[in-house]
Amino acid sequence: MSSHPVLGQVALGYAPMIDRHRSVTAVRVTVFPIRPEVNPKAGDLLAAIAETWPADAGRVSLNIVGESLLQDLMQMELPLNMMVEVPAFMAADIAHTEALIALHQRGNTLLIKGRPLTPLPREVLPCFAYSIIDLSDERRDGTPAPGGVSRTIPHVQGEVRTLVQMNDAFARGAIAVLGWPIDDAIVNTGKSSAQPDLQAIVELINRVDRQEPVERLEAVMKNDPTMAFKLMRYINSPAFGLSVEITSFRHAIMLLGYQRLKRWLALLLASASRDVNMKPVIYAAVRRGLLMEELVREHGDPEKRGELFICGVFSLLDRMMRQPFAELLQTIPVPEGVRAALVDDDGPYYPYLEMVRAIESASIYDIRTAADTMLLAVAEVNRAVLRALAAARQLD
């Protein structure tokens with residue numbers, strides 16, 4: 001990630017846009033100028049974001065919280081994979097009509113955010129592919145609604161925080177939701193809901209933690225063809241960067257080493273659920289791990305980075321396996337700092353988890369507070385966010 005000065009002038013948040021299949025189809029990036037007197041340049045911001053999302057890297061939806069910055073951005077020639085969210089009051093203002101039409105004609109996707117209080121100019125209405133309706137502004141109850149701007153184009157439901165809210169939004173006709181459906185309460189049934197493949201991964205994590213001989217690790221892999229296949233596919237992927245093909249389990253395990261194998265198993269455990277509703281949770285967990293690791297890349301040693309990665313990836317494991325952390329971590333070995341953060345909301349790694357949650361919530365106050373607590377500059381935090389999202393894209 002290049003050193004873009006604009007990253008010291010804004011705060012970044014991110015959230016997924018999730019379709020009816022529970023797949024993430026775009027990333028929403030929220031941008032706040034950090035102080036009223038700061039005037040970030042739209043071109044500099046665009047360059048920083050384009051480095052993480054080049055034209056062939058999937059879609060990103062820009063939620064610019066700052067009218068002046070958004071106005072400047074709307075005057076630019078944006079890559080086609082960048083969607084732009086336009087507040088309803090700006091869409092209704094004829095001063096922006098020309099810019100909106102130009103973006104639409106170039107092929108950029110525009111989303112109108114919120115409900116217009118006045119009718120949109122006739123020539124502007126066709127420019128918007130979608131509307132964003134937050135849950136706090138939702139009036140639909142499943143019955144046919146009267147005509148209106150938000151009813152005549154497909155809508156995306158914003159402010160989604162739970163699986164129930166996500167499923168209800170789709171039932172009301174939303175084509176996608178924006179947010180993190182990860183806040184459902186953990187219902188302890190008294191039984192582990194771990195599937196057989198999850199139990200095999202946990203067993204292997206325990207063996208790796210004890211640093212058992214490669215022969216024993218290889219034996220576990222051979223008893224689980226799916227796990228073995230995923231390991232071989234992972235280690236031979238472009239993201240891993242090897243110049244030769246790995247064709248044996250033993251060679252793969254020896255090449256990875258214990259720490260990197262444990263890292264891969266953590267990712268595999270977090271992504272092994274068969275529940276389609278867990279897709280957004282898995283998406284969040286992987287990015288949490290990568291972001292927490294990136295937050296200390298410039299200052300932390302490899303062991304600390306590895307433990308923060310595990311902490312982030314495991315931070316939603318209670319939802320995936322439907323067990324509270326106090327019980328769950330009795331069967332999965334984790335470092336003490338990870339256990340303290342996940343079970344006690346305490347310890348040296350907990351502030352990093354709080355920072356990630358602030359970024360997910362796109363709360364500029366919480367991001368600045370967390371950065372001050374951790375003695376991190378906002379630019380460092382933003383570089384970590386963009387590096388983590390770029391790394392996650394490669395894993396996907």
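Mentor: Begin with charges over rings. A charge sits over a ring if NZ of Lys or CZ of Arg is within 6 Å of the ring centre and within 35 degrees of the ring normal. Keep in mind that this is a predicted model. Here Arg 287 lies over the face of Tyr 283, 3.5 Å from the ring centre.

Trainee: Over which ring does the charged end of Arg 263 sit?

Mentor: Over that of Phe 309, at 3.8 Å from its centre.

Trainee: How many aromatic pairs does the structure hold?

Mentor: Two. Planes over 60 degrees apart count as edge-to-face. Tyr 14 and Trp 180 form such an edge-to-face pair, with 80° between the planes and 5.6 Å centre to centre. Tyr 14 belongs to strand β1 (residues 10-19), while Trp 180 is in the loop between β8 (176-179) and α7 (196-209), 166 residues apart. The other partner of Trp 180 is Tyr 283, in a tilted pair with 35° between the planes and 6.2 Å between centres. Tyr 283 is in helix α11 (residues 279-294), so this pair ties together parts that are 103 residues apart in sequence. Tyr 14, Trp 180 and Tyr 283 form one aromatic cluster.

Trainee: Are Trp 180 and Tyr 283 buried or exposed?

Mentor: Both are buried, and Tyr 14 is buried too.

Trainee: Which residues does Thr 162 contact, leaving aside neighbours within four places in sequence?

Mentor: Trp 180 is one of them, along with Pro 181, Ile 182, Asp 183 and Asp 184. Thr 162 and Pro 181 are 19 residues apart in sequence, yet their C-alpha atoms are 3.9 Å apart. Thr 162 lies in the loop between β7 (155-160) and α6 (163-171), and its side chain reaches the backbone nitrogen of Gln 165 at 3.0 Å.

Trainee: Why does Thr 162 count as buried?

Mentor: Because its relative accessibility is 16%, and buried means under 20%.

Trainee: What should I look for in nonpolar residues?

Mentor: In soluble globular proteins, nonpolar side chains tend to be buried together. In this model the largest nonpolar core has 135 residues, and Phe 128, Leu 265, Phe 314 and Met 320 have the most contacts inside it. Helix α10 (residues 249-270) gives the largest share, eleven residues. Apart from this core lies another of eight residues, including Ala 26 and Met 83.

Trainee: Which buried residues does helix α1 have?

Mentor: Among them are Leu 45, Leu 46 and Ile 49. The buried residues of α1 fall within an arc of 165° seen down the axis, so they line one face of the helix.

Notes: Residues are numbered from 1 along each chain as its sequence is written. This is a predicted model: local features need pLDDT of at least 70, side-chain atom pairs count only at pLDDT 80 or more; totals for chains, interfaces and linings use all residues. Side-chain values use heavy atoms; hydrogens and water are left out. A nonpolar core is a set of buried Ala, Val, Leu, Ile, Met, Phe, Trp, Tyr and Cys residues joined through side-chain atoms within 4.5 Å. Buried means under 20% relative accessible area, exposed over 50%, partly exposed in between (1.4 Å probe, protein chains only). Helices (H or I, at least four residues) and strands (E, at least two) are DSSP runs, numbered from the N terminus. Contact means heavy atoms within 4.5 Å. A polar contact is a pair of N or O atoms within 3.5 Å; within protein, one must be able to donate a hydrogen and the other to accept it, and residues adjacent in sequence count only if both atoms are side-chain atoms. The arc is that of the directions from the helix axis to the C-beta atoms. Rings of Phe, Tyr and Trp (its six-membered ring) pair if their centres lie within 6.5 Å; planes under 30 degrees apart count as stacked, over 60 as edge-to-face and the rest as tilted.
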